[in-house]
Every structure is written in C-alpha cells, then in structure tokens.
Amino acid sequence: MKRLVVSMLLSIICQWAGASGFEITGNCELAYRSMMQLNFATAENFLSKEKVVNPDNAAVHYIEHYKDFLKAFITEEDHDYFQLKNNLEKRIGFIEKVAITSPWVNMAKGEMLMQLAILKLKRKEYLSAGY
C-alpha cells in the first residue's frame with residue numbers, strides 16, 4: 001500500500017514538474033496544422049494564444065522556428081533568412097532553459113540546426129552549412 005501511494009505521488013509530481021517544458025497543446029497542434037497548410041498568419045495567431053496561456057512552453061519556439069524555416073525556404077527572401085538565423089540562438093537557449101528534462105529537447109535543437117543548414121545550402125553557403 002505504501003509503495004502504491006508513493007508511486008502515485010511521484011507520478012503526479014513528475015507530471016506537474018514537466019508541464020511547463022515541451023508540450024504539444026491544442027493551440028500548438030492547430031498552429032502546426034495551419035503552418036503545414038502554409039497559412040502562416042493563422043499559425044501565428046495560435047502561437048500567440050499559446051504564449052499567453054502557457055508562456056514557458058518550449059514547443060511554441062520550436063513551431064515558430066519551423067514556420068520561419070518554411071517561409072524562408074519558399075520565399076527565398078533575405079529578410080526571412082536573416083530573421084530565422086538571428087532568432088536561432090535565442091530559441092535554442094529558451095528550449096534548453098525551460099525544457100531541460102524533456103526528451104524532445106535534443107530532437108528540437110537538431111531539427112532547428114538542420115533547417116538552418118538546409119537554408120545555407122540553398123543559398124550556396126556550403127562551408128558554413130556543414131560547420
């Protein structure tokens with residue numbers, strides 16, 4: 001009986017502690033779907049709502065980066081590329097700080113760096129793409 005109570009309490013504490021890390025909520029899912037349909041304005045609205053409701057959710061920064069990547073890849077505009085490049089360190093820093101115990105941290109960081117490398121290759125920045 002004692003083990004059951006301790007395991008239940010530990011389970012509740014772990015869920016509570018991880019609530020502010022990397023969580024795909026309803027707003028995040030709707031933003032991701034809108035982004036994949038290339039409806040960036042709607043995606044931004046859902047991300048803004050999520051930032052108000054859950055400001056420590058690292059998934060918001062991951063989805064924002066993905067949105068910026070798609071926009072920069074499709075439009076090939078310098079402004080979009082530099083916006084993504086300038087926000088990369090800030091977003092990775094936020095994800096590392098907030099979601100340090102989440103198993104998704106390394107996946108998100110790796111994907112964000114890979115997306116930047118893809119844009120660099122597209123812009124013929126071969127040396128910095130692999131470095």
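Reader: Which residues of α2 and α3 meet?

Author: In this predicted model, Asn 27, Cys 28, Leu 30, Ala 31, Ser 34 and Met 35 of α2 meet Phe 40, Thr 42, Ala 43, Phe 46, Leu 47, Lys 49 and Glu 50 of α3. To count as a contact, heavy atoms must lie within 4.5 Å.

Reader: Why are α2 and α3 called roughly antiparallel?

Author: The axes of α2 (residues 26–36) and α3 (residues 40–53) cross at roughly 165° and come within 8 Å. Angles over 145 degrees count as roughly antiparallel, and therefore α2 and α3 get that label. The crossing of α2 and α3 is also left-handed.

Reader: What caps the N-terminal end of α4?

Author: That is Asn 57: one of its side-chain oxygens lies 3.1 Å from the backbone nitrogen of Ala 59. Just after the helix comes Glu 76, in the loop between α4 and α5. Glu 76 has a positive phi of about 60° although it is not a glycine.

Reader: Why does Glu 76 count as exposed?

Author: The cut-off for exposed is over 50%, and Glu 76 has a relative accessible area of 54%, so it is exposed.

Reader: What makes α4 mostly covered?

Author: Of the 18 residues in α4, 14 are buried. His 65 sits in this helix, and at 0% relative accessibility it counts as buried, the cut-off being under 20%.

Reader: Which residues does His 65 touch, leaving out those up to four places away in sequence?

Author: They are Leu 84, Leu 88, Arg 91, Met 112 and Gln 115. The side chains of His 65 and Gln 115 are joined by a polar contact of 3.4 Å, and the limit for such a pair of N or O atoms is within 3.5 Å.

Reader: How do you know that α5 is roughly antiparallel to α6?

Author: Helix α5 (residues 78–98) and helix α6 (residues 105–122) pack at an angle of about 165°, with their axes 11 Å apart. That angle makes α5 roughly antiparallel to α6, given the cut-off of over 145 degrees. The crossing of α5 and α6 is left-handed. Among the α5 residues in this meeting are Leu 84, Leu 88 and Arg 91, and the α6 residues include Met 112.

Reader: What about Gly 130: buried or exposed?

Author: Gly 130 is in the segment after α7. Its relative accessible area is 75%, and exposed means over 50%, so Gly 130 is exposed.

Reader: How many helices and strands does the protein chain have?

Author: There are seven helices and zero strands. Buried residues make up 39% of the 131 residues in the chain.

Definitions and conventions
Residues are numbered from 1 along each chain as its sequence is written. This is a predicted model: local features need pLDDT of at least 70, side-chain atom pairs count only at pLDDT 80 or more; totals for chains, interfaces and linings use all residues. Side-chain values use heavy atoms; hydrogens and water are left out. Helices (H or I, at least four residues) and strands (E, at least two) are DSSP runs, numbered from the N terminus. Buried means under 20% relative accessible area, exposed over 50%, partly exposed in between (1.4 Å probe, protein chains only). A polar contact is a pair of N or O atoms within 3.5 Å; within protein, one must be able to donate a hydrogen and the other to accept it, and residues adjacent in sequence count only if both atoms are side-chain atoms. Axes are lines fitted to C-alpha atoms, for helices over the stretch in contact, and angles run from 0 to 180 degrees between N-to-C directions. Angles under 35 degrees count as roughly parallel, over 145 as roughly antiparallel, 65 to 115 as roughly perpendicular and the rest as oblique. A crossing is left-handed if the near helix is turned anticlockwise from the far one by less than a right angle, and right-handed if clockwise.
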